[in-house]
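Subject: Structure for you to look at

Hello,

Please find the structure below.

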Amino acid sequence: MLSYRHSYHAGNFADVLKHIVQMAIIEYLKKKDKPFTVHDTHAGAGSYAIASEHMQKTGEYQDGIAKLFGKRTGVGVIDQYVSLVEKLNPVGRLTDYPGSPQISARLLREQDVLQCTELHTTDFALLKREFADDKRVQVLKEDAWQGLKALLPPQHRRGLVLIDPSYEMEADYNGVLPAVQMAMEKFATATYAIWYPVLDRNRTESFIRRFVKAGIPNLLRVECCVRPDASGRGMTGTGMLIINPPYTLAQHMAQAMPLLKDALCDTNGHTLVKMLTGEQGQS
């Protein structure tokens with residue numbers, strides 16, 4: 001959707017969950033010396049100034065990263081995320097928030113590759129400028145699904161494909177599964193991390209069921225709902241569907257969720273970590 005700007009929502013509770021999962025997967029990929037590729041379908045602008053008009057207009061970051069900044073929980077996946085954000089804010093106060101491309105670039109090694117697609121003209125220009133001197137990063141002004149067709153499979157046979165549409169149009173809900181199926185045919189060895197919002201519980205469950213019914217194997221669901229479902233306050237929760245997750249991810253997220261619940265959720269908020277399907281060949 002060409003009118004969508006992630007700058008209104010950067011650093012909110014949904015970004016917190018998405019970026020913790022993203023970092024945990026990349027850190028796992030780094031355990032082997034072999035290079036890997038991160039493909040980011042809806043890359044956005046790369047980084048976001050807290051003082052910007054967009055972030056100040058919504059203030060969503062105050063219910064997300066602002067509640068964790070400067071704190072330590074003792075849970076590695078959370079503390080690594082907070083530490084990365086703090087390194088981008090060396091003055092000791094929150095002035096900038098990294099988008100998913102900047103998080104990936106901060107974690108990648110010299111031999112790894114980042115592919116970004118972004119269709120919004122302004123955000124594409126910002127992203128292109130941000131990585132102008134980084135030879136590991138490829139930035140294309142391309143539709144997300146066309147980008148998957150054009151850029152997969154990458155040179156490296158290991159990797160992460162991060163998929164996070166705005167879901168402001170019905171086409172986003174309908175388009176994710178076929179895009180993932182097409183991508184998996186081309187790049188079956190990757191981990192796929194798919195972000196989704198919780199706005200309407202019935203729609204969310206219908207979206208999830210499509211993946212299960214399609215026989216997508218090795219599917220992990222992680223969800224953090226900061227308010228009760230259908231509380232009439234917009235997005236009440238956020239989730240990630242992870243295909244081919246690192247074997248450590250479910251355990252790490254199970255450790256993280258009680259702390260995220262305490263930090264981000266209302267009294268009646270809830271979290272979920274659940275394997276929905278087993279590996280191929282398992283019942």
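Which residues are linked in a network of salt bridges? They are Arg 201, Glu 205, Arg 221, Glu 223 and Asp 229. A salt bridge here is a side-chain nitrogen of Lys or Arg within 4 Å of a carboxyl oxygen of Asp or Glu.

Before the rest, a word on the source. This is a predicted model, in which local features need pLDDT of at least 70 and side-chain atom pairs count only at pLDDT 80 or more, while totals for chains, interfaces and linings use all residues. Residues are numbered from 1 along each chain as its sequence is written, and side-chain values use heavy atoms, with hydrogens and water left out.

Salt bridges

By the rule above, the count comes to 13 salt bridges. Side chains of opposite charge can pair when their charged atoms come close. Glu 223 counts as buried because its relative accessibility is 3%, and Arg 221 is buried at 6%. Buried means under 20% relative accessible area, exposed over 50%, and partly exposed in between (1.4 Å probe, protein chains only).

Arg 136 forms a salt bridge with Asp 134, with 2.8 Å between the closest N and O atoms, and both residues are buried. In the bridge between Arg 203 and Glu 170, the closest N and O atoms are 2.3 Å apart. Arg 203 lies in helix H8 (residues 201-213) and Glu 170 in helix H7 (residues 170-186), so this pair ties together parts that are 33 residues apart in sequence. Helices (H or I, at least four residues) and strands (E, at least two) are DSSP runs, numbered from the N terminus. Arg 203 is partly exposed at 37%, and Glu 170 is partly exposed at 38%.

Two buried Asp residues

Asp 40 lies in strand E1 (residues 37-40). Asp 40 is buried yet has no salt bridge, and the nearest side chain of opposite charge, Lys 18, is 7.3 Å away. For charge, Lys and Arg count as positive and Asp and Glu as negative, while His and the chain ends are not counted. The side chain of Asp 40 does make a polar contact with the side chain of Ser 100, at 2.7 Å. A polar contact is a pair of N or O atoms within 3.5 Å; within protein, one must be able to donate a hydrogen and the other to accept it, and residues adjacent in sequence count only if both atoms are side-chain atoms.

Asp 15, in helix H1, is buried with a relative accessible area of 2%. Its side chain makes a polar contact with the side chain of His 6 (2.9 Å). The backbone nitrogen of Gly 11 also lies 2.9 Å from a polar atom of the Asp 15 side chain.

Helix H9 (residues 249-264) bends by about 30° at Ala 256, and Pro 258 follows within four residues. The bend is the angle between axes fitted to the seven residues ending at a residue and the seven starting there. Ala 256 is one of the buried residues of H9.

Regards
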